[in-house]
2 protein chains.
Amino acid sequence: MNIGEIARRSGVSRSTVSYALSGKRRVSEVTRQRIQAVIDELGYRPNATARALKEGRTRTIGLIIPPASRRLTDMQLGFVASVVDAAGRADLDVLLSSSGGEHDRSFERVVGGKRVDGVILMEIRLEDDRVTSLRRAGLPFVGIGRTGTPEEMSWVDIDYETLIAKCVHHLADLGHRRIAFVDRSAELAATGYGPSHRAHAGFVRAIAERELKGFSSCCADDATSGVTCVERLLEEDPGLTAIATINEAAIPGMYRGLGQAGLTVPGDFSIAGVAGRYLAENLHPPLTAADVPADELGTNAVELLIQRIADPSTPHRSLLVAPPISLRGTTGPARPRD
Amino acid sequence: MNIGEIARRSGVSRSTVSYALSGKRRVSEVTRQRIQAVIDELGYRPNATARALKEGRTRTIGLIIPPASRRLTDMQLGFVASVVDAAGRADLDVLLSSSGGEHDRSFERVVGGKRVDGVILMEIRLEDDRVTSLRRAGLPFVGIGRTGTPEEMSWVDIDYETLIAKCVHHLADLGHRRIAFVDRSAELAATGYGPSHRAHAGFVRAIAERELKGFSSCCADDATSGVTCVERLLEEDPGLTAIATINEAAIPGMYRGLGQAGLTVPGDFSIAGVAGRYLAENLHPPLTAADVPADELGTNAVELLIQRIADPSTPHRSLLVAPPISLRGTTGPARPRD
DNA sequence: TGTCGATGTCGAATCGGTTCGCCCGAAGAT
DNA sequence: ATCTTCGGGCGAACCGATTCGACATCGACA
């Protein structure tokens, strides 16, 4: 069931079948219909591998996600969904690969073997080996996130620094004076995870600007860790009245931890953060947060990548989003304790 | 940077380079080292597309997920993660495709173009067009889930029928007499989603066996729907004291709905269900549930698929899991009301 | 009538690997 | 000294598409 078979049954040459299909040269209407009839009858579809070999492109993009062992956050899930969706709309397939686990073979396979025309990279470090690999391989790529030298690549990202600063200002406006920053996991921060560092910088800056008392804590990406994190923070400063966070997954745990400490949200304690909109709305109480538009970011990442694939020599482009903070149910006037 | 270039620089023929790399024929040690040196210097990696064309296999499997527009449930996320992981261990890449959305082109592309050696199918209906397509295409596939005629395919699945029946029995043992079944969304059930039907059958059977009063309700896969679903059920039968469910995503909403109705869990009301272990443990209170071992299922699906790819003529195999119910914090003795 | 242009089709090269058959030369067997 | 064997390597075919140059046919026009 290859193109030769179709050609034989239609009584034409293989090239004619190819042209009938692609329309790149004129084929007489009668011939075209005869060929089409055979194709329909046999249910023929051109072999994508052969086409890829000849054309030098695979019509496939790689999506590099965090190691599968770690649970994707809600926001990351949103990125994946929108990338798959946007790629599908552009008739591109998505090859999924996780990197950073013990087996980086997957990443090497995808990048080295020219299996994809380009790559979208998630969870980028300030210094990221994968970026170096991709650059050396000459493979177009776009980051969801950016390295420490972002002008050298194309990316979409969330302006965590600004957003966390805004959260702090919002909390300060409500009268909070003792605010904690809850980061993502210590491992991520230690390996130079951009959002951790940038958000922390924004936090420190805003705390200084408002002359507040600030605390920081890393916290693993799960509810249980959120509980212990809150316990730890309240122990460290019993007078704490607010948290600003980028750790989506730990938020339900924070709610719980506060509840166990006898504190109500937002009566006794406020939380503001950066989170995917879906999650923020579905938490209870709904989270006051800068709503990250995961679809928009994913879609833009794909568009940027398509452009780079089409013309790798164009200057790098980027998109930094700083969505407004949606006031929901977790921030209120400070009620000092202690 | 193709094999010809390596051959030229090493002063040997292309075939010798190929044999040096694959080891399928002996190559003298000196020649091998010379070739290897050139390869290392140039960082050469064989082109996966060309290899795939010649070998007739792509070393890639397709993973068909529910439409991207819908949020993956925690359990589904677990499946995806474990499939990607298991495939990676077997040096297979994973091509992600969502089906069921408005643009089914993705599925057709993947299946028709021979882009993959086999497919893993998620969210299977009792009668599923995709199964028909795959069968017609002669492409090996394994279901995470099964159709109404499961003996005709290879699959792994959760024994929802048994598990929901067990949940009912467990609740009945605790003295509950008025129990509701909360299904997944009405659309899924209407389109013949297997777990919906099988779980419902198990529910009806167990209710009959124990001569209880049973109610059923579909509920969309999100927290908000969980709230309204509980409201509706309590309105329909104010004397309801327990829920058995397969709707993971709605559970936080059910908690909330019960809370708003002034009912405590498990004091006034019990919930038991089927859920991914990760979710069950991380809910608050932790859910009494049959813990679905998503990793095990995903891993087994990949293994089954690898076998089918290696020899499509072997008889179909399957794995039906019915994990024990882990007693956690959501079931307790019935306290009849009304 | 001969030339020209357009139209429709074909043959062959090509993409980058893998693999089969063959050949050369050295060593061992007779 | 001749025959066989075998290690090591080469050339060519092949996988299934795309695409370029060439060519046959035919009508129009000088």
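Mentor: Helices and strands here are DSSP runs (H or I for helices, at least four residues; E for strands, at least two), numbered from the N terminus. This is a predicted model, in which local features need pLDDT of at least 70 and side-chain atom pairs count only at pLDDT 80 or more, while totals for chains, interfaces and linings use all residues. Residues are numbered from 1 along each chain as its sequence is written, and chains are lettered from A and ligands numbered from 1 in the order in which they are written.

Trainee: Which helix gives the most to the surface near DNA strand C?

Mentor: α2(B), with 6 residues. A residue is near a strand if its C-beta atom, placed from the backbone, lies within 6 Å of it. Around DNA strand C there are 29 residues, and Val12(A), Ser15(A), Ile3(B), Ser15(B) and Ala50(B) come nearest. By class, that surface has 10 nonpolar, 10 polar and 9 charged residues. Nonpolar means Ala, Val, Leu, Ile, Met, Phe, Trp, Tyr, Cys and Pro; charged means Asp, Glu, Lys and Arg; the others, Gly among them, are polar.

Trainee: What makes up the surface near DNA strand D?

Mentor: α2 (14-22) and α4 (48-55) of chain A, and α2 (14-22) and α4 of chain B, each supply at least two residues. Here α2(A) gives the most, with 6 residues. In total, 27 residues surround DNA strand D, and Asn2(A), Ser15(A), Ser18(A), Ala50(A) and Ser15(B) are the closest. They divide into 9 nonpolar, 10 polar and 8 charged.

Trainee: How many residues does the contact take from chain B and chain A?

Mentor: 42 from each chain. Two residues are in contact if their C-beta atoms, placed from the backbone, lie within 7 Å. Several elements of chain B supply at least two residues each, including α5 (74-89), β2 (93-98) and α11 (223-236). The side of chain B that touches chain A has 17 nonpolar, 13 polar and 12 charged residues.

Trainee: In what sense do β2 of chain A and β2(B) pair?

Mentor: Antiparallel, over 3 bridges. Strands pair if DSSP finds at least two bridges between them, so this case qualifies. Leu95(A) stands opposite Leu95(B).

Trainee: What rotation superposes chain B on chain A?

Mentor: 180°, with 0.0 Å of shift along its axis and an RMSD of 0.1 Å. In chain B, the C-alpha nearest the axis belongs to Leu95(B), 2.2 Å from it. The same surface serves both copies, as 100% of the contact residues of chain B recur in chain A.

Trainee: Why are β7 and β12 of chain B said to stand at the edges?

Mentor: The open sheet runs β7-β6-β8-β9-β10-β12 in chain B, with mixed pairing. β7 (213-217) and β12 (325-326) each have a single partner strand, so one side of each lacks a neighbour in the sheet. Inside the order, β9 (270-276) and β10 (288-292) of chain B run parallel, joined by 5 bridges. Ala272(B) stands opposite Thr288(B) in β10(B).

Methods. Copies are superposed by least squares on the C-alpha atoms of residues with pLDDT of at least 70 in both.
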